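Subject: Handing over the structure

Hi there,

Here is the structure I promised to pass on to you. Please open it alongside this email, and I will walk you through what turned up.

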Amino acid sequence: MLYLAQVQNQENLGEISLQLLACQNSDDTWAILSEESFLTLPKDFAQNPINCATNVLNEGILVLANVDENSQVLHIQAATNWVLQLVEKYLTTGFTPDFLQQEAQKAEDWRQSLTLQSQELSRRLIEVEARREQIQNLEAKLQQEKQLLESSIAQLQIPPATPLI
């Protein structure tokens, strides 16, 4: 997992630790860590060029740390270029926090509006179904009355039996 961290030198112990500040959830989303969390690096970590570039582990420097599931730091790189990419991508095009908040509010308003429209459509559908059922009941009743009338007419049209003389 990728973390944004700040280098903390503990000179009295001769150790270097990383204060984890945020972790990557997906390609473009990050979560700020609410609790302080530190990882201590092995003493020989900085000497291996595969693990990190030179001068990356100076006190206070922001770094990107790739950490495995066992909380072992696999690789560290300076976060300078990453931060500059974020500034270029999001902050030079007018995406201010206020703008993003307004857009989030618009999206929430649209969601609420769509929810209300969906509820109204559902209500209307229920009304239409109830009316359709009423119409079907009326049709069935009319059909019964029609059959009753037809049978009454048929009985009236039969000539009375004439007595034999």
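First, a word on how helices and strands are named here: they are DSSP runs numbered from the N terminus, with helices being H or I runs of at least four residues and strands being E runs of at least two. Please keep in mind that this is a predicted model, in which local features need pLDDT of at least 70 and side-chain atom pairs count only at pLDDT 80 or more, while totals for chains, interfaces and linings use all residues. Residues are numbered from 1 along each chain as its sequence is written, and side-chain values use heavy atoms, with hydrogens and water left out.

**Overall layout**

The protein has 5 strands and 2 helices, and from the N terminus on they follow the order β-β-β-β-β-α-α. Of its 165 residues, 15% count as buried. Buried here means under 20% relative accessible area, exposed means over 50%, and partly exposed is in between (1.4 Å probe, protein chains only). As for contacts (heavy atoms within 4.5 Å), 43% of those between residues at least 6 apart in sequence join residues at least 24 apart.

**The nonpolar core**

A nonpolar core is a set of buried Ala, Val, Leu, Ile, Met, Phe, Trp, Tyr and Cys residues joined through side-chain atoms within 4.5 Å. The largest one has 14 residues, and those with the most contacts inside it are Leu18, Leu41, Val63, Val67, Val73 and Ile76. At least two residues of this core come from each of β1 (2-10), β2 (15-24), β4 (62-67) and β5 (73-78). In soluble globular proteins, nonpolar side chains tend to be buried together.

Setting aside residues up to four places away in sequence, Leu41 touches Ile16, Ser17, Leu18, Leu57, Val73 and Ile76.

**Strands β4 and β5**

Two strands pair if DSSP finds at least two bridges between them. β4 and β5 run antiparallel and are joined by 5 bridges; Asn66, for example, has His75 in β5 as its bridge partner. The two strands form a hairpin with 5 residues between them, and Ser71 in the turn has a positive phi of about 60°.

**Gln8 in β1**

Is Gln8 buried or exposed? Gln8, which lies in strand β1, is buried because its relative accessible area is 19%. The side chain of Gln8 makes a polar contact with the side chain of Gln6 at 3.4 Å. (A polar contact is a pair of N or O atoms within 3.5 Å; within protein, one must be able to donate a hydrogen and the other to accept it, and residues adjacent in sequence count only if both atoms are side-chain atoms.) Beyond its neighbours within four places in sequence, Gln8 is in contact with Glu15, Ile16, Ser17, Gln19, Phe38 and Glu59.

Side chains of opposite charge can pair when their charged atoms come close. The rule used for a salt bridge is a side-chain nitrogen of Lys or Arg within 4 Å of a carboxyl oxygen of Asp or Glu, and by this rule there are 6.

One of them joins Glu108 to Arg111, with the closest N and O atoms 2.6 Å apart. Both residues lie in helix α2 (residues 97-157), 3 residues apart, about one turn of the helix. Glu108 counts as partly exposed at 28% relative accessibility, and so does Arg111 at 45%.

Further along, Glu120 forms a salt bridge with Arg123 at 2.3 Å between the closest N and O atoms; these two are also 3 residues apart in helix α2, about one turn of the helix. Glu120, Arg123, Arg124 and Glu127 are linked in a network of salt bridges. Glu120 is partly exposed at 27%, as are Arg123 at 37% and Arg124 at 47%.

**An aromatic pair**

Rings of Phe, Tyr and Trp (its six-membered ring) pair if their centres lie within 6.5 Å; planes under 30 degrees apart count as stacked, over 60 as edge-to-face and the rest as tilted. The structure holds 1 such pair. The ring centres of Trp30 and Trp82 are 4.9 Å apart and their planes are at 50°, so the pair is tilted. Trp30 lies in strand β3 (residues 30-40) and Trp82 in helix α1 (residues 80-91), so the pair ties together parts that are 52 residues apart in sequence.
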